[in-house]
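My entries follow in the order in which I looked things up.

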Amino acid sequence: MIEKRSFKTFLACVGTRPEIIKMAMLYHVLRARGHTVKVVHTGQHVEMAHALYRFFDMPPDIVVDLQRKSAGLSHLTAVLMESVEDAMVRTDPDVVLVQGDTTSALVGALVGYYHRLPVAHIEAGLRTYEREPFPEEKNRELIGRLAHWHFAPTEQARLNLLSEGISAKCIYEVGNPVIDATIWTRERIADPAFDLASLMPRPLSLFLSRNPDAPLVLVTAHRRENWGEPIRDIATATARILEENPDAVAVWPVHPNPAVVSDVHEGLAGTDPGVRARLLLTGALEYPVMIHLMTRARLALTDSGGIQEEASALGVPVLIARESTERQELVDGGGAALVGTEVDAMVSAANALLASRAAHAAMCVNESPFGDGHSAHRIARILSERP
């Protein structure tokens, strides 16, 4: 039982790019309500993270120097447990905020529980009810057993939690704050005073300027279950899509993990130089640049949950390079299709969207099923007013 008191200090445990994006709007709304919000950066996405913290004006109060001795999940969890424990002691929060299904979210929830603190889980209730995505599916299930507030983005997520025995009194259907961030960013970069060019790598700027009217395919792949042959197949499929659509171009911000980089290049080996010239591989891009790319894209081919959500807010069709998704609402609403990682299936689905205006229009949703841009305000009001 959580005692009734006025919560004043929140500790947000975030460490990956999606967590930072999805926590940013809530951070500012809570602060506008007079609360103190401390941010511990758990250190997974170092280079990408600091650019995001600057863009969202959310400087971390504690930055974990993540000294990893192996890529193992057990080692990562152990290192984060000690670091988050230290942050919890130093900040003495009233509430712990975690987002999604990462290792940092699981660790934040567990350490908060050990300290007998109420845990607020943002983006609660997402499920595939399969082993994949690994380890995210189990992470979010476990957080569901540790959290006090469960902020479900959709009705299906709320029903998932109810089916697992979570009390209805602790579940709030509020939408997903990533939609807040997407809409806010789209509006900000549309302002003529915003200097988007300064954030865009020169090769990308030149590539876009040389292909101003070409149909653009945005490609990303990073999920652990796709490492190896699946990502190589995504790369092969991307080359074939360009080969079969000579007016199209593609941009692929490649995840910095060396295994992913190697898979992408191996999958593109042997690609015709003329086709290869219409595919730009870049490093990680700053968030406003990614949103800009999505607004220009004819379609996205991705295994990213965040891009599924962001694309839905921008009306961009998504081909999901996975066998299942915890964001089935977009598939059911017609804005996305599960195509897996079989080359012919990915190529066929992309060709249909590039060739047919009617097929493309049918997948451009008018409203995102994941929120309306006001999720952070709903969450902040609940955290401020309810025990």
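Predicted model: local features only at pLDDT ≥ 70, side-chain atom pairs only at ≥ 80, totals over all residues.

Entry 1, helix 8. I looked up what the buried residues of helix 8 (residues 202–210) touch: they pack against strand 9 (249–253), strand 10 (279–282) and helix 12 (287–296). The buried residues in question are L204, F207 and L208. I then looked down the axis of helix 8 and found these buried residues within an arc of 95°, so they line one face of the helix. On the other side of helix 8, I noted R202 and R210 as exposed.

How many residues of strand 8 (residues 216–220) are buried? I found five of its five residues buried, and I put the strand down as mostly covered. Next I checked which way they point. L216, L218 and T220 point one way from strand 8, while V217 and V219 point the other way, and all are buried.

Strand 8 pairs with strand 9 in the parallel sense, over three bridges. Within strand 9, A250 is the residue opposite V217. Strand 9 had already come up in my first entry, as one of the elements that the buried residues of helix 8 pack against.

In what order do the seven strands of the open sheet stand? I wrote down 3-2-1-4-5-6-7, with parallel pairing. Strand 3 (62–63) and strand 7 (171–173) stand at the edges with a single partner strand each, so one side of each has no neighbour in the sheet. I followed strand 3 to strand 2 (residues 36–41), and the two pair in the parallel sense over two bridges. The bridge partner of V40 in strand 3 is I62.

At strand 7 I looked for a helix. Helix 6 (residues 155–163) lies across strand 6 (149–152) and strand 7, and it runs at about 165° to strand 7.

At what angle do helix 7 (residues 177–190) and helix 13 (residues 305–314) pack? I noted about 50°, with their axes 9 Å apart. Helix 7 and helix 13 are therefore oblique to each other. From helix 7 the contact takes in V178, I179, T182 and R186, and from helix 13 it takes in E309, E310, S312, A313 and L314.

Note on methods
Residues numbered from 1 in each chain as written. Heavy atoms only, no water. Pairing = 2+ DSSP bridges. Helix = DSSP H or I, 4+ residues; strand = E, 2+ residues; numbered from the N terminus. Contact = heavy atoms within 4.5 Å. Axes fitted to C-alpha atoms, helices over the stretch in contact; angles between N-to-C directions. Buried < 20%, exposed > 50% of the residue type's maximum accessible area, 1.4 Å probe, protein only. Arc of directions from axis to C-beta. Parallel < 35°, antiparallel > 145°, perpendicular 65-115°, else oblique.
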